[in-house]
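Subject: Structure handover

Hello,

I am passing this structure on to you. Please open it first, then read the notes below it.

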Amino acid sequence: MRLDDLDPSSNVSDQGSGGGMGFGGGGGGGGIFGMLFGLLPMLLGRKMGLGTLLILGVVGYFVMSSGMLSSGGTGATPSLSGQQSGANVACDTQDELFACRVLKSTEDTWSKLVQNYQPAKLTFYTGGGQSGCGAAQSAMGPFYCPSDQGIYLDTSFFKQMEQQMGAGGDFAYAYVVAHEVGHHIQNLAGIADQVRTLQARSSQADGNKLQVGMELQADCFAGVWAGINSDRIESGDIEEGMRAANAIGDDTLMQQAGRAPVESMFTHGTSAQRMEALKRGLQAKNPNACNYLEGLS
């Protein structure tokens with residue numbers, strides 16, 4: 001995807017490494033199981049994103065075998081205003097610079113679609129960091145925190161996409177950022193609050209169904225952004241996005257973890273649903289087409 005002509009967004013910061021508080025506490029055990037049970041509540045509320053479901057896939061992988069969504073940015077390191085004080089500078093690596101340009105493109109696009117649009121803030125971290133929703137860890141993958149309107153990203157996730165999921169490529173990485181911006185749109189529009197209210201009085205299965213609608217809508221919003229910017233899409237980009245969407249379907253991740261897919265446990269949608277949602281947005285170029293939450297109340 002051609003974004004080299006764009007200046008990176010100024011709504012960025014970099015926490016560097018070691019900023020997280022970890023997931024210990026209580027009398028529970030440590031390791032990946034402690035992390036899983038500490039993070040499960042986020043699936044239905046505080047943190048939204050592609051990465052939350054990947055925790056289940058990673059845990060399953062370790063259980064079954066004791067072992068998830070090379071960027072295209074080039075050019076010199078930018079000098080940006082609005083950075084955190086200290087040594088950490090955002091957008092100073094190829095992967096960060098690409099993500100910063102994607103964010104700028106989403107800002108340009110959504111500001112034309114949403115009246116008085118307020119951009120999300122993208123925060124990079126390495127290994128661990130802090131968000132308005134609590135600790136961030138690279139194992140969580142990218143996520144959006146509604147309370148501070150922030151997207152949190154450890155760009156090592158891009159390498160995981162390529163090496164562990166077979167879902168690399170610059171458009172796939174752009175899809176990751178655009179999906180989280182989709183959650184930001186839901187937050188600004190009040191959709192996220194409405195869904196959380198419904199989830200609070202729903203069964204787990206119904207709450208999961210609502211969450212699936214949220215994730216598919218965010219996928220569709222990512223497609224809307226890409227469709228509106230189709231002049232920047234290059235040969236092979238759409239295939240990269242579809243491979244990424246396929247790789248993070250609930251059914252695919254459960255199968256890879258050695259588990260039979262159970263629809264009532266889905267929180268992000270099947271691979272087919274996620275690919276369809278991305279395709280719908282690409283083709284419609286209109287957020288009104290992303291009506292995945294209709295009839296779920």
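Here is what was found, starting with how to read the notes.

This is a predicted model, so local features need pLDDT of at least 70 and side-chain atom pairs count only at pLDDT 80 or more, while totals for chains, interfaces and linings use all residues. Residues are numbered from 1 along each chain as its sequence is written, and side-chain values use heavy atoms, with hydrogens and water left out.

**Disulfides**

How many disulfides does a search of the whole structure find? It finds three. A disulfide here is a pair of cysteine sulfur atoms within 2.5 Å. Counting bonded cysteines along the chain, the pattern is 1-2, 3-4, 5-6.

Cys91 is joined to Cys100, S to S 2.0 Å. The torsion about their S-S bond is about -85 degrees, so this disulfide is left-handed. Both Cys91 and Cys100 are buried. Buried means under 20% relative accessible area; exposed means over 50%, and partly exposed is in between (1.4 Å probe, protein chains only).

Cys133 and Cys145 form another disulfide, with their sulfur atoms 2.1 Å apart. The link of Cys133 and Cys145 is right-handed, with 90 degrees about the S-S bond. Cys133 sits in the loop between β3 (128-131) and β4 (134-137), and Cys145 in strand β5 (residues 143-145), so the pair ties together parts that are twelve residues apart in sequence. On naming: helices (H or I, at least four residues) and strands (E, at least two) are DSSP runs, numbered from the N terminus. Cys133 is buried, and Cys145 is buried too.

Cys220 is joined to Cys290, S to S 2.1 Å. The torsion about the S-S bond is about -70 degrees, so the disulfide of Cys220 and Cys290 is left-handed. Cys220 lies in helix α7 (residues 204-228) and Cys290 in the segment after α10, so the pair ties together parts that are 70 residues apart in sequence. Cys220 is buried, with a relative accessible area of 0%. Cys290 is buried as well, at 2%.

**Positive phi values**

Most residues other than glycine have a negative phi. Cys91 has a positive one, near 65 degrees. Cys91 is in the loop between α2 (50-65) and α3 (94-113). Its relative accessibility is 1%.

Asn116 also has a positive phi, of about 55 degrees, although it is not a glycine. Asn116 lies in the loop between α3 and β2 (121-126). Is Asn116 buried or exposed? Asn116 is exposed, with a relative accessible area of 66%.

**Helices with a buried side**

Start with helix α4 (residues 156-165). Its buried residues are Phe157, Phe158, Met161 and Met165. They cover an arc of only 115 degrees around the axis, which puts them on the same side of α4. The arc is that of the directions from the helix axis to the C-beta atoms. Gln163 and Gln164 are exposed, on the face of α4 turned away from its buried side. Just after α4, Gly166 takes a positive phi of about 65 degrees.

Now helix α6 (residues 191-200). Which residues of α6 are buried? They are Ile191, Ala192, Val195, Leu198 and Gln199. They cover an arc of only 125 degrees around the axis, which puts them on the same side of α6. Gln194 and Ala200 are exposed on the other side of α6. The buried residues of α6 pack against α5 (170-188) and α7. Contact means heavy atoms within 4.5 Å.

**A helix pair**

Two packed helices are described by the angle between their axes and the distance between the axes. Helix α8 (residues 237-247) packs with helix α10 (residues 271-284) at an angle of about 145 degrees, and their axes are 7 Å apart. Axes are lines fitted to C-alpha atoms, for helices over the stretch in contact, and angles run from 0 to 180 degrees between N-to-C directions.

In α8, Ile238, Gly241, Met242, Ala245 and Asn246 take part; they meet Ser271, Arg274, Met275, Leu278, Lys279 and Leu282 in α10. By class, the contact of α8 with α10 has six nonpolar, three polar and two charged residues. Ala, Val, Leu, Ile, Met, Phe, Trp, Tyr, Cys and Pro count as nonpolar; Asp, Glu, Lys and Arg count as charged; the others, Gly among them, count as polar.

Best wishes
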